[in-house]
Amino acid sequence: MTRRLQPLFNIQRQLILSHSWPLFATAPHLTGFPSLGRNIATTHLRMDSIAPDASPPKYAPVEYMPLEDIERPERYCPGGYHPVNIGDRLTDRYDVVHKLGFGTYSTTWLARDKNTKKYVAIKIAIAEADVPESDILDTLALSEPSNKGGYSRKALIPRILDTFSLEGPNGRHRCLVTEPGMMTLEEAKDASSSRLFEMPVARAIAAQVIQAVAFLHHRGVVHADLHAGNIMFRLPNSIDELSLEELYQKYGQPNVEPFERLDGNALPNGVPTHGVVPIWLGKGSELVTISEAEVFVTDLGEAFRPSVTPRHYSNTPGVLAPPETYFLQHEPLSFPSDVWTLACTLWYIIGQKPLFEGFNPSSDWMIKEHVDAMGKLPCDWWQKWDARKRWFTEEAKRTAEGAGRSLENRFVSSIQKPRRGSAMEEVGDAEKSALLTMFRGMLAFRPNERLTATEILESEWMVRWALPAPEKVAA
Ligand SMILES: Nc1ncnc2c1ncn2[C@@H]1O[C@H](COP(=O)(O)OP(=O)(O)OP(=O)(O)O)[C@@H](O)[C@H]1O
């Protein structure tokens, strides 16, 4: 969930959908296409992934006055969120000083660790639920600390500082303590009018995200939900030098809003009296400096180990989901699915707009996007795709003249033109060629033909342009 003000549209959407993923919902470049026709996929889908012509969204009854930027109070119920107030002390060690955000499965709070005197993030899961990533993060923490091969970069994945459980009116909640981040990449973009990072910053972020994914894959883990909302800028250590008063002076006192029932009745036990607007520690994307361009990959809640748990569904938002989720539904997903999603995420880091676009797109719409950008599907997939005639000839040419956008067209409209328009460095010819080669390798239709994370690490773009950038951060 984002920590900044969102347009009312998005808030209303949150009222309707049990889960909200804001990545493209607020973007100005939205293409509001309806869901188109029959879907090949019967993939396990969440509402804001590809929304097929399947069942309508489940409408949860609205019982409370909706509040902007605050989680739905309806979710403070048995099995739901744990009520927390600013000033609470958790496990006699952590003083809650602000809220950092909330998501489908958790609320996350900024707290001061009494022992270390540092600020920490405490993610409190909904009742009786595991914090799904804690298991994965534990395994990763056991990895060797070296930096062999450029992918043992533990710093790129949050380190678990502590775990504990809280017993409350809504049940028992698992809690995970990690370092607090400044903002997600999506939040940085939302806070900017250009929605762009300066090129050196974009390269540094991209390099670290590639290294993080390579590290996860090396450890046998697929992230499975990689997007700009799950990549976070590191907070400078200097925040720990701020006293609580100084923190509030710099970032503002917590803004709290009363929860009110629509029927005027008293709040039930388990619902806090107030909601807290999350703190904003961040800045607009174009203002991020190279020295601030240190990121870590968060939210391993969807992560899995293909060797342990075969997974046949993807909860990745539809615009980022790879084509095997439609065409190879009987084969378990694996590392290549992350590589496809990583390509989409890298594109969005360098550019202003996503590589593939669509609003609540059907799977047919997404496949059309893939074919437009990457060319004809492998023969057997092409034959299987009934909707192809809607847009394409049998040679995969567009039936409507001038329609369709190739990868190069998208590069111009998503990356180069917006950069020029914002007076920012464009991608030079040699870099563009290396980048497009890398993207084509990552976006091969067949998963087994895609570049591996290690090959991406060794790609020309990574070695010549991206990798040198984080070194500048460290310098
Ligand atoms: N370590 C952190 N530092 C700063 N903010 C955080 C941190 N962890 C989480 N947040 C904030 O809380 C929000 C929700 O966190 P997260 O996405 O991990 O929760 P979730 O319940 O798994 O949600 P979902 O699955 O809906 O994305 C994030 O978008 C972010 O704004």
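This is a predicted model: local features need pLDDT of at least 70, side-chain atom pairs count only at pLDDT 80 or more; totals for chains, interfaces and linings use all residues.
## Basis

Residues are numbered from 1 along each chain as its sequence is written, and side-chain values use heavy atoms, with hydrogens and water left out. Local features need pLDDT of at least 70 and side-chain atom pairs count only at pLDDT 80 or more, while totals for chains, interfaces and linings use all residues.

## Nonpolar cores

A nonpolar core is a set of buried Ala, Val, Leu, Ile, Met, Phe, Trp, Tyr and Cys residues joined through side-chain atoms within 4.5 Å; buried means under 20% relative accessible area, exposed over 50%, and partly exposed in between (1.4 Å probe, protein chains only). The largest core has 99 residues, of which Ile 205, Phe 233, Trp 385 and Trp 461 touch the most other members. Helix H4 (residues 199-218) gives the most to this core, with 14 residues; helices (H or I, at least four residues) and strands (E, at least two) are DSSP runs, numbered from the N terminus.

A second, separate core of 24 residues includes Tyr 81, Val 96, Ile 124 and Val 276. Beyond its neighbours within four places in sequence, Ile 205 is in contact with Leu 185, Phe 197, Phe 233, Ala 293, Val 295 and Ile 349, contact being heavy atoms within 4.5 Å.

## Positive phi residues

Asp 299, not a glycine, has a positive phi of about 50 degrees. Asp 299 is in the loop between strand E11 (295-297) and helix H6 (324-327) and is partly exposed, with a relative accessible area of 28%.

Ala 423, also not a glycine, has a positive phi of about 55 degrees. The loop between helix H10 (407-421) and helix H11 (429-442) holds Ala 423, which is exposed at a relative accessible area of 72%.
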